[in-house]
Amino acid sequence: MNASPIRAGRPVGARPVRARPVRARIVAALPWTRLGAAVGLILACLVLMLPGQFSLPPADRDEARFVQATRQMLESGDFIDIRFQGEARHKKPVGIYWLQSLSVSLLAAEDLTAIGAYRVPSWIGLTLAVLLTGWTASHLFGRQVGLLAALLLAGCVVVAVEARTAKTDAVLLAAVVAAQGALARLYLRRGESGAALAVPDAPSLSPSPTSLSPSLSPSPMPPSVGWGLPALFWTAQGVGILLKGPIVPMVSGLTVLALIVSERRAGWLAALRPLPGLALMTLIAAPWLISIAILTDGAFFSEAVGHDMLGKVASGQESHGSPPGFYLLTFWLTFAPFAGLAALAAPWAWRQRHQPAVRFSLAWIIPTWILFELVPTKLPHYTLPVFPAIAALTAAAALGGALSAPPRPDAAVRVASWWWRLWRGTGLLATVLLTFGVALVPLLVDGVWDGLSFGVAGLVAVAWGAALIQTETGRPRAAIALGLAGAMLLYGHTFGRVFPEREALWPSRLAAAAVAAHARCPTPPVTSVGYNEPSLVFLLGTQTHLAGAAGAVRFLLANEDCGLALVEARHAEAFQQALDKVERTARVLTTFQGYNYAKGQWLTLSLYRLESRP
């Protein structure tokens, strides 16, 4: 064969090489490597999660209980038994308390009330969960989907809240995604191991707006399984048990069960190396479990399992009971601003359920979601363990072209058109509730019209509205970018400015400031009547005395030199009567108002000191 004649360095008949536009050259020069993507995701997480970490006071009640129990660990040196003041806190395992103790020891050993140090494990845990979501989705659907899925997870509202809350769920999500990512990779290799029975994949689909495009196909897998993925899976199970008991094993177990039922085979599970894996999980979790069982004579398990876990299954605990459907309704807020994208991706995912990657993602989501809907006790963040899979499917559908608006409302696309109308209406309502609801907080709490908050709300609404338009016109990357930009602005303003500056929202912070202003000694003993929130104990100290009126008077008599009493207005008369019985008087040092959002009521607190005897 004769070689093609060359003219000016190119074959005859070839198209002239055109210089790429400047934008294309810039995009090509960006670090689209794994390291570059990881650095970009970490920076995005910092922008989304950092505002408010150190300025928001401890929130009642869960966060304040966790951080106070951690503080007592550091004060007592007992890192086995978990206590809130003198009460045993046998509800959750010890993992998060250890992580918080380490963080505080490294960052704030001289100030045990520095709430930001307790929150560091939460935002690090969620950052790790975002990176692991990218890793998992990349192996399921390809690197582009992995990056978008990680950004979707990082930008949703429930992640923004949990990143600023010093409790279990943020770190737990990292353990869930680590376990599920390892499980996903082993599942995709199920036909390549001698222990697994090969099953033909679903037939390839021709490119269309509703099918998997070649760019969304799973990444190639090496044939050998090795020990790395099984070790990661079982390590995540053991760490998950130390964080929140059975949640990680439950999510993985339900995923495996759903896959077995749908495929009617389980041979691929041999790649998990169950016997050594169970030994590794036991080695991680058993030492503390055995220690706490011996220390409490089994009381920890009767309380954690018998009362806390089974109690939530039997009935709604602490006024958190809700009927099935609660999570579908709140999803528009918890997964905002991307809930509408996820809703549009749902029909696509169901049509593609025979594809292995989609099947695994659905097995991750559906049984766990159903279980949480059936359990009477409900909180919006309980379904967070399935959000990485939702993000992966949403990103895959977006890049597959499945989220664009129907071309015309004829009979063939009538259902899709109605689905789009429902999505637009619900998405716009959620946007209004989030953005302008935050803008109304200064007006509702302080009676102050905050023009900046309404300006920010308007900008966020414009960004999210533009994201809707970009979705309808088939530009999912632009839609996600606009959604993230709006989220960054909203979270930075909300958590960095609006909430920290509302003094009335934080009665415990006001009380701590009042005590510091009127204290006669470095750490004055304080008793509180009528206001008993855990944040007060954390900010004033473990020795804070929570009592009725008569008990508060006895406390003041026992600590006459430095003692102070914080009395809520509804209990002031009973407090005065208790003083009269012992023929003593107390002077009001200061009075202030606050809003107890844990109870949903305004309160008036006064700080008292005993008058000296004549």
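**Rings and burial: exercises**

Tyr382 counts as buried, at 14% relative accessibility (buried is under 20% relative accessible area, exposed over 50%, partly exposed in between; 1.4 Å probe, protein chains only). The model is predicted: local features need pLDDT of at least 70, side-chain atom pairs count only at pLDDT 80 or more, and totals for chains, interfaces and linings use all residues. Residues are numbered from 1 along each chain as its sequence is written, and side-chain values use heavy atoms, without hydrogens and water.

**Exercise 1.** Classify the aromatic pair of Phe372 and Tyr382.

Step 1. Apply the rule: rings of Phe, Tyr and Trp (its six-membered ring) pair if their centres lie within 6.5 Å; planes under 30 degrees apart are stacked, over 60 edge-to-face, the rest tilted. The count comes to 21 aromatic pairs.
Step 2. For Phe372 and Tyr382, the centres are 6.3 Å apart and the planes at 40 degrees, a tilted pair.
Step 3. Locate the partners: Phe372 is in helix α15 (residues 356-374), Tyr382 in the loop between α15 and α16 (387-399), ten residues apart. Helices are DSSP runs (H or I, at least four residues), numbered from the N terminus.
Step 4. Check Phe372: buried, at 11% relative accessibility.

**Exercise 2.** Explain why the pair of Trp449 and Phe454 is stacked.

Step 1. The centres of Trp449 and Phe454 lie 4.3 Å apart and the planes meet at 10 degrees, so the pair is stacked.
Step 2. Trp449 counts as exposed, at 58% relative accessibility.

**Exercise 3.** Describe the surroundings of Thr136.

Step 1. Thr136 is in helix α5 (residues 115-141).
Step 2. Its relative accessible area is 3%, so Thr136 is buried.
Step 3. Leaving out residues up to four places away in sequence, Thr136 touches Val177, Gly181, Ala184 and Trp364 (contact means heavy atoms within 4.5 Å).

Note on methods:
Helices (H or I, at least four residues) and strands (E, at least two) are DSSP runs, numbered from the N terminus.
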